[in-house]
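User: I would like to go through this model by question and answer. Start with the terms, then take strands, helices and charged pairs in turn.

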Amino acid sequence: NIDKDMMNSEVGFGRKVLSAFEENGISFEHMPSGIDTMTIFVHQPEFEGKEQSVISAIHRLAKPDSIEGDLALIAVVGRGMKSTRGTAGRIFSALAHANINVKMIDQGSSELNIIIGVSNADFENAIRAIYDIFVVTQL
């Protein structure tokens, strides 16, 4: 997760960040972004052993304000999501009740999925909370 004030107005910022991964032979899986943040998801086995090299290259090329790692990606997927009100609310309520902080949110334009980033340490509990709210509780 890369933060930099006003990165949206810096021409080439995204290219600079992605070139750090390219230099290290790592492809990215998913890349949601906001005005001041960009999150790059990669497969952990591909990233292991290259983490410091990638982070160093990002600092050198893009000069971010901060970089935070160790996120897990959860995709909640379903055809019925598009026509069902409150799906996102149920997801985030379940995570809040499980005391899990959501660090990244992305929803595709198809409205068939919501992708959530949480701390790796919270991954199992997040999966359980989301499963419980949709399958066990069935509110």
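Analyst: Two strands pair if DSSP finds at least two bridges between them. Helices (H or I, at least four residues) and strands (E, at least two) are DSSP runs, numbered from the N terminus. This is a predicted model, where local features need pLDDT of at least 70, side-chain atom pairs count only at pLDDT 80 or more, and totals for chains, interfaces and linings use all residues. Residues are numbered from 1 along each chain as its sequence is written, and side-chain values use heavy atoms, with hydrogens and water left out.

User: Which residue in E6 stands opposite Leu-71?

Analyst: Strand E4 covers residues 71-77 and runs antiparallel to E6. The two are joined by 7 bridges. In E6, the residue opposite Leu-71 is Ser-119.

User: How many of the 7 residues of strand E6 are buried?

Analyst: Buried means under 20% relative accessible area, exposed over 50%, and partly exposed in between (1.4 Å probe, protein chains only). Strand E6 covers residues 113-119 and is largely enclosed by the rest of the structure, because the buried residues number 6 of the 7.

User: Which residue in E2 stands opposite Asp-3?

Analyst: Strand E1 (residues 2-3) pairs with E2 in the antiparallel sense. That pairing has 2 bridges. The residue of E2 opposite Asp-3 is Thr-37.

User: Are H1 and H3 roughly parallel or roughly antiparallel to each other?

Analyst: Axes are lines fitted to C-alpha atoms, for helices over the stretch in contact, and angles run from 0 to 180 degrees between N-to-C directions. H1 and H3 pack at about 150°, their axes 9 Å apart. Angles under 35 degrees count as roughly parallel, over 145 as roughly antiparallel, 65 to 115 as roughly perpendicular and the rest as oblique. H1 and H3 are therefore roughly antiparallel.

User: Which residues in H3 do the H1 residues meet?

Analyst: Contact means heavy atoms within 4.5 Å. From H1 come Phe-13, Lys-16, Val-17, Ser-19, Ala-20, Phe-21 and Glu-23. In H3 they meet Val-54, Ala-57, Ile-58, Arg-60, Leu-61 and Ala-62.

User: How many residues apart in sequence are the parts that Glu-23 and Arg-60 tie together?

Analyst: A salt bridge is a side-chain nitrogen of Lys or Arg within 4 Å of a carboxyl oxygen of Asp or Glu. Glu-23 and Arg-60 form one, with the closest N and O atoms 3.1 Å apart. Glu-23 lies in helix H1 (residues 13-23) and Arg-60 in helix H3 (residues 51-62), so the parts they tie together are separated in sequence by 37 residues.

User: Which residues do salt bridges that share partners join into one network?

Analyst: Glu-10 forms a salt bridge with Lys-4, closest N and O atoms 2.8 Å apart. Glu-10 also forms one with Lys-16, at 3.3 Å. The network joins Lys-4, Glu-10 and Lys-16.

User: Does Lys-4 count as buried or exposed?

Analyst: Glu-10 is partly exposed at 24% relative accessibility. Lys-16 is partly exposed at 21%. Lys-4 has 14% relative accessibility, so Lys-4 counts as buried.
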